Amino acid sequence: MISIRKNVNELDRCHEVRDLALDCYVNAIRNAAQYAVELDSQITTPHRQYLNNLAVEVATGDPHVLTESRATVRGLLRDYRDKGAEFLSKLRDELSGTVRALQEIMESMTQGDGDHEMQLRAGLATLRTVSRSAPDPTLREAISSAAAGIEQSIEQIRKHHQVTVSQFLT
């Protein structure tokens, strides 16, 4: 009698452990679906649906379904990893292309600024020449003062532009 009771208790315990293991497995599949990284709705949504459907099938406890689920889970996770890697690779390529385009724009802006600065400095040289040959001392002083103000503004703009470009490139 004690032997039968002991065997029944062990059998009950085995069923409890099996049910607990099945519950853990089903919850692990559901958690994998719930916490899948949202890459793209065309990738993540079907992945979640497949995992949730598999969790429903596994929850039945059918030994055949449990056996097949091992390969299914592995395949679903591998497929999601591969699609995720492809998606991230495309994002990296797009980002690299965008960075190259922005660098070209910044280089173009820097080159264009140099051309404009040379033109402005040539204009300043002309102003200074005119100021030296101006007959009226008041006019000479006004032109000279304006040239100095323009030169100071050019220098400030150049420094500000260099800081902006270096911050952007960083």
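Let's start with a term for the tour: a residue is called buried under 20% relative accessible area, exposed over 50%, and partly exposed in between, using a 1.4 Å probe and protein chains only. What you have open is a predicted model, where local features need pLDDT of at least 70, side-chain atom pairs count only at pLDDT 80 or more, and totals for chains, interfaces and linings use all residues. Residues are numbered from 1 along each chain as its sequence is written, and side-chain values use heavy atoms, with hydrogens and water left out.

**Stop one: helix α3**

Select K83 and D79. Both sit in helix α3 (residues 63–133), four residues apart, or about one turn of the helix. Helices here are DSSP runs of H or I with at least four residues, numbered from the N terminus (strands, E, need at least two). The two side chains form a salt bridge, 3.3 Å from N to O. That term means a side-chain nitrogen of Lys or Arg within 4 Å of a carboxyl oxygen of Asp or Glu. K83 is partly exposed at 39% relative accessible area, and D79 is partly exposed too, at 36%.

Now pick R48 and E38. Their side chains meet in a salt bridge of 2.9 Å, N to O. This pair ties together distant parts of the chain: R48 belongs to helix α2 (residues 41–58), while E38 is in the loop between α1 (2–34) and α2, ten residues away. R48 has a relative accessible area of 23%, which counts as partly exposed; E38 is partly exposed at 47%.

**Stop three: two neighbours in the numbering**

Go to R18 and D19. They form a salt bridge whose closest N and O atoms are 3.7 Å apart. D19 is partly exposed, with 46% relative accessible area, and R18 is partly exposed with 38%.

**Stop four: a network**

Select R121, R128, E151, E155 and R158 together. Salt bridges link these residues in a network. How many salt bridges are there in the whole structure? A search finds nine.

**Last stop: the cysteines**

Finally, select C14 and C24. Why is C14 not bonded to C24? The closest cysteine sulfur to that of C14 is in C24, but at 16 Å it is too far for a bond. C24 is in no disulfide either, a disulfide being a pair of cysteine sulfur atoms within 2.5 Å. The structure as a whole holds zero disulfides. C14 is exposed, at 51% relative accessible area, whereas C24 is partly exposed at 46%.
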